[in-house]
Amino acid sequence: MLSRRLFASSQLGLLLVIGLLGLVLTLFAGSHVDARTGATVNNFLNSYTLIQTATDASFFAVMAVGATVVIVSGGIDLSVGSIYALAGVTTAMILRAMGPADPAVTVIAGAAIAIVVGLVCGALNGLMVVGLDVHPFIITLGTMWILRGIAFVASRAESILLPAPLTSVAKASLGLPSALYPVPMLVMVLVTIVGAVYLTRTVMGRHVFAVGGNVEASRFAGLRISRIKIGVFIASGLTAGLAAFMGASFYGSASCGDATGYELYVIASAVVGGASLSGGKGSAINAMLGALLIVLIRQSIRSLHFDQNYEWIIIGAAVIVAVVLDQSSARFTRRRLATSAGTPTSS
Amino acid sequence: MTRVWTVAAVAMLAAAGACSGSGGSGSTSGGATPAPGLKIALIAKSSTNPVFLSARTGAEAAAKELTAKHNVPVTIEWLTPPNEDGQVQAQRIAQAVNEGANAVLISCSDAGKVTGAINDAVARGVQVMTFDSDAPESKRFAFYGVDDVKTGQAVMDELAKQMGEKGQIGILAGNPNAPNLRKRVDGVKQAATKYPGIKIIDTFYHAETAQDAAAEVIRVQNAYPQLNGWAMIGGWPLFTQTLLTDLDPKKVKIVAVDGLPPELAYVEKGLAPVLLAQPTYLWGYESVKRIFDKVQLKQDVPQIIPMELVRVTKDNLADWKKQLKAWGFTGVD
């Protein structure tokens with residue numbers, strides 16, 4: 001029952017599209033001769049490229065799950081990239097100040113710091129949105145700059161190395177051949193499952209959909225709107241902090257410039273996954289698949305040797321046209337249903 | 001559901017358009033196993049920075065020469081991100097290795113971010129060389145570029161001469177995370193200690209685009225009207241024409257690193273009496289030759305290959321322009 005709900009038709013559609021793009025890449029991305037083994041290797045369909053693609057997507061996807069919760073509630077969070085940078089820089093600075101410690105302590109401390117920073121930033125966003133009664137776009141636009149500025153000032157723009165135990169965990173091969181690192185991918189899947197269960201199987205998740213669908217009706221139904229709104233930003237901050245921990249650990253350093261512009265990829269992932277910016281619609285699994293699809297489009301541009309300078313044009317056009325056509329499709333469906341029911345409609 | 005299919009369809013259509021209308025990356029098209037040869041992934045910091053475009057031109061010229069001379073196809077795969085991002089660079093290194101590159105040539109936006117990816121590439125048998133901005137803790141086999149501390153010192157020494165060793169200056173830096181630029185800033189500050197009459201107002205960072213850099217200079221100049229010198233450790237704002245009209249060469253002097261065509265008007269006008277040009281074309285040209293020596297000819301290559309700066313002034317401007325033209329630059333009067 002749960003699996004059926006988790007993998008509804010829209011997920012299957014995304015999976016089919018990802019599969020189709022994968023097929024195109026397998027057929028047309030060519031192959032190369034492995035220098036060490038002498039074997040011919042398909043440029044796309046090999047374990048390294050597949051895991052690398054999932055790894056590239058994982059940092060967006062984890063944040064996209066949190067961002068989707070915000071979007072479902074009718075809000076938006078532009079500050080996720082800056083939270084990522086601040087959480088990474090803070091983690092790196094505190095661990096550096098702590099000095100050498102037991103590897104397990106280092107890893108747990110690192111994760112805790114990044115997640116706490118994310119939670120605090122998310123809570124601040126939520127409190128300001130509710131307390132100041134200002135649209136989340138404005139609040140998170142402001143905190144996007146403020147938080148990155150704090151990261152800049154605190155780190156003095158230095159790129160700070162993370163202790164080796166963190167990288168060892170993020171790049172653990174888990175029994176796979178060397179240079180295959182499945183941990184970010186597994187974290188992405190885990191976060192997506194938690195996000196999906198939260199949104200679809202818990203009362204809190206239902207409340208988020210209710211607020212996003214109709215805030216006034218939710219208020220009359222007795223929902224505590226302020227608490228729900230603060231909660232969604234905390235969820236977004238939490239995933240940004242987790243993504244920062246994972247990203248900084250995987251790449252081995254953190255700097256104030258990290259994740260610049262990633263908020264747009266994160267929002268695009270949610271939107272491509274079907275989330276509605278007017279609220280009430282969205283899915284954690286779709287957001288993850290949306291992130292995978294966007295990364296796969298980027299991968300296609302390079303693997304098929306298209307001019308990569310067209311990357312932004314292609315992704316931007318794909319997102320805009322997709323949303324416009326989706327809206328048209330929804331409008332058409334509403335009209336058809338209304339016609340069959342014999343009632344007039346407004347567009 | 002509709003949205004998903006539309007994304008895929010638009011992406012494919014747009015990509016097809018990009019493919020048909022592009023110059024491509026200059027390498028093999030998909031579908032077939034490429035002929036044996038040397039495939040070098042070139043990953044500069046940003047594809048919007050002219051200095052890296054000239055490095056690409058140099059790399060492609062060297063590849064052409066080597067292909068003709070040794071009858072070994074040498075191809076350059078341009079994998080430079082559109083804007084500076086060490087994380088994306090690390091991803092592109094992995095992608096290059098996964099797709100069969102024999103070598104990677106990279107200018108590191110953030111050494112900490114790419115060191116792991118460089119080491120992974122080397123572990124999988126792919127040689128890596130750095131240029132312009134090094135990752136000294138990595139397993140790259142060589143670095144080609146200027147000594148950044150000395151470059152910063154040279155900028156300050158030249159500026160001090162132009163200002164009569166007195167006045168107030170600003171240091172214009174670009175990406176604060178780039179290790180090479182941080183070293184140049186250190187060099188400027190070290191050299192400034194020799195000139196007690198010169199006071200450094202501050203170091204000013206900016207997004208590494210010409211417009212952002214020019215806007216930063218104007219903002220700072222308005223905030224500090226007494227400022228009469230600029231130590232620019234990169235030539236970013238001089239790629240615009242704005243400062244030619246906004247700054248008075250009688251009041252303000254600039255010494256900048258780099259000497260590409262758009263910057264030369266500043267020398268002619270006297271606003272930037274000295275440019276310390278990095279022969280950026282050679283980043284690509286020399287590095288590709290060194291990679292060929294290492295990978296194809298199995299020769300030893302020095303770990304540090306120093307690049308010499310070219311001092312461009314009104315006196316040698318004509319010769320420098322000729323050199324730029326010979327390297328394929330356009331827009332040189």
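**Notes on chains B and A**

1. In this predicted model, chain B is divided into two domains: domain 1 covers 35-146 + 280-302, and domain 2 covers 148-277 + 312-326. The centres of these domains of chain B, taken over C-alpha atoms, are separated by 29 Å.

2. Where the domains of chain B meet, 14 residues of domain 1 are in contact with 12 residues of domain 2. On the domain 1 side, helix α2 (residues 50-70) of chain B gives the most, with three residues. By class, that side of domain 1 of chain B has four nonpolar, six polar and four charged residues.

3. As to the chain as a whole, chain B has 11 helices and 12 strands. Of its 333 residues, 57% count as buried. Among contacts in chain B between residues at least 6 apart in sequence, 72% join residues at least 24 apart.

4. Helix α13 of chain A has 20 residues and reaches 28 Å from its first C-alpha to its last. That span is close to the 28 Å expected at 1.5 Å a residue.

5. Why is α13(A) described as largely enclosed by the rest of the structure? A residue counts as buried if 20 or more other C-beta atoms lie within 10 Å of its own. By that criterion 19 of the 20 residues of α13(A) are buried, so the helix is largely enclosed.

Technical notes
Residues are numbered from 1 along each chain as its sequence is written. Chains are lettered from A and ligands numbered from 1 in the order in which they are written. This is a predicted model: local features need pLDDT of at least 70, side-chain atom pairs count only at pLDDT 80 or more; totals for chains, interfaces and linings use all residues. Domain bounds come from an automatic or database domain assignment. Two residues are in contact if their C-beta atoms, placed from the backbone, lie within 7 Å. Helices (H or I, at least four residues) and strands (E, at least two) are DSSP runs, numbered from the N terminus. Ala, Val, Leu, Ile, Met, Phe, Trp, Tyr, Cys and Pro count as nonpolar, Asp, Glu, Lys and Arg as charged, and the others, Gly among them, as polar. The expected span of a helix is 1.5 Å times one less than its number of residues. A residue is buried if 20 or more other C-beta atoms lie within 10 Å of its own, exposed if 12 or fewer, and partly exposed in between; C-beta atoms are placed from the backbone.
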